[in-house]
Structure formats: C-alpha cells, structure tokens
Amino acid sequence: MNMRYFVTVVLFIASMTGAKAKNNISVDYTEESELVSVIAHLAKVPGYIWPEEQAGVIDYFHQVDSTFAPYSNHPIMAFVADSLVKQGFGYHVPVAIALRLKLKNGKLHYNTDLEPDFNHYYRGITPQHEKKLIALLEDFYKKAHFHSFFKKNQPLYNACKQAMQQLVDKIDLDWYKSFFGPINNISFHIYLGLLNGPGNYAIPQKTKDGSEIKNAFMGCADRNATGDIYYGEAYTLPVIIHEFNHSFCNPLNEEFWDDIKDKMIAFYNQNASFYAQQAYGDPLTVANEMFVEACVMRYLATHPVQFTQESIQKIKKIYQMQNASDEEIVAGYYETQIKIREVYKKFFMIRDIMKALEEREANMVSYPTMRDFMPKYVEAINAYQEK
C-alpha cells in the first residue's frame, strides 16, 4: 500500500457556489477542478487512479468511466499521458491548474486576481503546454457534454457538502494565530474532488493585492452501511490540519534550508527508496512533511477528537489494528498517531520536532511567531541522533 495516503481519507463537498463554515472557512466543489480531475483519471495520471478498496465512493469512479468511455480517444488523453505526465503533471498539479481557471459559457479563463507564478507554479507545466491543455479541455468539455454530467451529480456533491460541513465547523483557526503567528490578510479554503481518491494537497495561492489563500484540496468521501456519505472526525480533521499546515511550514523550511540541508540529506539517504515510493522525492519534501506532521500532533494535543463506531472501525481497518478493542483505539489514539508517522512513514525525527515545538509553546513571549522560533527548530534538527 502506498503509505503516503495511509492516513489520508477525506472530504468532499459540492456546491458550485460553495459554503461558509462558522469559522469562515469556505468549502467548494468546482466544475473546473472536476473537469481537470476527470481528464486526469481517464488519462491514468498518478493520483487519480485507485484500487477499489481505496477509491472511497467507487460508484462515482465507475460512472465517470462509463459516461466518458466514448471519448477515450479524444486528443487530450494522448497529450496528457505522453507530454504532461513526463513533466510532473500528477498529484497536486492538475488541481493546482484547475484552481487558476474559471468556466464561462464553455470557455476557460484565468483568474486574473491571482499572482500567475506564485509558489513555483510553472514547475508543473510550461506556459505553452498550459495553453494547449486549456484549448483541449474546452473541446472535451463541449463534445463530451461535461456540464450535463456535472449537473446530474449535484445531489451527490451536495450530500458530501452537508456531511463535511460538520467537520469544517470544528476547525480552530485561532490555533493558527497562536501557533504560527498573525494570519491577517489570509483566507482558508477547502476544495474537494472525488477522483482524488485518498489523496489530499496543499495548494497555496496569492492575489495581486498581496492577500494569501491557504487552499486544502481534499480527496474522497466514504459511504456508511446505509450508503450515506460520511467522514470520520478522528481520521479526517488531522488531514485537513495537515494540508493547511503545509502553507505555513513549507516556506519556513525553505527559508532555513541551508541551515538544515546537510542533516536532512543524510537523514533522507538512509531511506531514499522508501521515501521516493511515497512520492517524497527529495530531502526538502521529507523535511516539510515531518514539520507539518509534528504541528498536526501539537494541534491534536489540545483538540481532542470525537469518535463514532463507524470511525473506530475505519481506524482499525486503515491502521491495521483489527485486534484492538474499541476502548484501546480511543485511549491510545494520540500515541498511535505518532507511531503511524514514525513506523509507516519513517518520520523518525517527529518526536524531537514535537519536543522543540512544546518548548516554544511554553515560551510564547520569547517566540511570538514560528519564524522567531526557527533557530531553535534548526538546532533540534541538527541535534537529532538515530535511535
């Protein structure tokens, strides 16, 4: 099993207009992102094809396959498979492209409010290929009657939205203010896509007026025993926090990379082939993931999650803990979460990073923002010794 997605399940929502949670986190399921995701799925792009047991709402996958089978030879398929995938068009890249686009009367337009190359956007696609992709997307959209497909599935999208809204309302944005520093001029958004399967991505954006948008693009929902869409808080909320954390942690690691680079390269090389299989293709990516996950654990330390019987059974399945009692699952949840990251992801530094973060939380006057604390974080990374 690809352990990158072992703990990743999750959300979906669906309204073309989006919804505002109590904490002002907007949630959207957009036609633009679904159009690009459908193409990625049909072209067998990494991150959009899943075994049945991981797909979540597998009937939706089947519906996409059957609906668009007559268009399997559309030129966009060969272009994506033969040209774009080789340049890194997979996982977060397709939906990152989609979040820059707006459909109007069957035509795709750029959102001109966004900085065009923020966060190294054109590492995933060249401007020339992006232009060709947009033209082919518009042609597919028209010939395959995509809008009719999207409208037909509104009841499913809306069911997902209603189930997810309950979790979104529980996210504590005040924690981000206290943990990372001021979040003025920052907005938080969740976008959803069934065809992401269990994959989830952080896709930060920046507007031309300087505002920052922290996007979490979240993957599939589950169906319960009666066929209704549901999301287990115990395994869903940590993933949302994880994706939002990337937008804070990654820039800090990049800024201080020269100070931890040697240590992280040595750490990475000890398990390089394993990390590569998880799509963690370089030492910086692993550093980012460990930092993000350590921060997730600090959130969970002060925000206990709620359990349902369905979520307990799901945890037993995805964490391979079928022999544990329900009581053991609940009581050992926090420690289990740490061990999952240590054992299955080989993030062996995570406890050291968590300990350093606890030191900061105990000395907020001295370290009012996470950036103020980064020299101490650097010390913790470089002091790490293999256990």
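**Legends to close-up views of side-chain contacts**

**View 1. Tyrosine 141 and phenylalanine 146 are both buried.** Buried denotes a relative accessible area under 20%, exposed one over 50%, and partly exposed the range in between, computed with a 1.4 Å probe on protein chains only. The model is predicted, so local features need pLDDT of at least 70 and side-chain atom pairs count only at pLDDT 80 or more, whereas totals for chains, interfaces and linings use all residues. Residues are numbered from 1 along each chain as its sequence is written, and side-chain values use heavy atoms, with hydrogens and water left out. Rings of Phe, Tyr and Trp (its six-membered ring) form an aromatic pair if their centres lie within 6.5 Å; planes under 30 degrees apart are called stacked, those over 60 edge-to-face, and the rest tilted. The count under this rule is 34 aromatic pairs. Tyrosine 141 and phenylalanine 146 make a tilted pair, with 6.0 Å from centre to centre and 40° between the planes.

**View 2. Phenylalanine 267 and phenylalanine 348 form an edge-to-face pair, because their ring centres are 6.5 Å apart and their planes stand at 70°.** Phenylalanine 267 belongs to helix α11 (residues 257-269), while phenylalanine 348 is in the loop between α16 (333-344) and α17 (350-361), so the pair ties together parts that are 81 residues apart in sequence. Helices (H or I, at least four residues) and strands (E, at least two) are DSSP runs, numbered from the N terminus. With a relative accessible area of 4%, phenylalanine 267 is buried, whereas phenylalanine 348, at 34%, is partly exposed.

**View 3. One aromatic cluster includes Tyr141 and Phe146.** Among the other members of this cluster are Tyr29, Tyr60, Phe68 and Tyr71. Phe140, Phe149, Phe150 and Tyr157 also belong to the cluster.

**View 4. The charged end of lysine 346 is placed over the ring of phenylalanine 274, at 5.0 Å from its centre.** A charge sits over a ring if NZ of Lys or CZ of Arg is within 6 Å of the ring centre and within 35 degrees of the ring normal. Lysine 214 likewise lies over the face of phenylalanine 248, 4.8 Å from the ring centre.

**View 5. Arginine 371 and glutamate 255 are joined by a salt bridge of 2.3 Å, N to O.** Arginine 371 is part of helix α18 (residues 370-383) and glutamate 255 is part of helix α10 (residues 233-255), so the pair ties together parts that are 116 residues apart in sequence. Arginine 371 is partly exposed at 44% relative accessibility, and glutamate 255 is partly exposed at 42%. A salt bridge is a side-chain nitrogen of Lys or Arg within 4 Å of a carboxyl oxygen of Asp or Glu.

**View 6. A salt bridge of 2.9 Å, N to O, connects the side chains of arginine 341 and glutamate 293.** Arginine 341 lies in helix α16 and glutamate 293 in helix α13 (residues 283-302), so the pair ties together parts that are 48 residues apart in sequence. Both arginine 341 and glutamate 293 are buried. A network of salt bridges links Glu293, Arg341 and Lys345.

**View 7. Threonine 207 occupies the loop between β7 (205-206) and β8 (212-218).** Threonine 207 is buried, at 13% relative accessible area. Its side chain is joined to that of aspartate 209 by a polar contact of 2.3 Å. A polar contact is a pair of N or O atoms within 3.5 Å; within protein, one must be able to donate a hydrogen and the other to accept it, and residues adjacent in sequence count only if both atoms are side-chain atoms.
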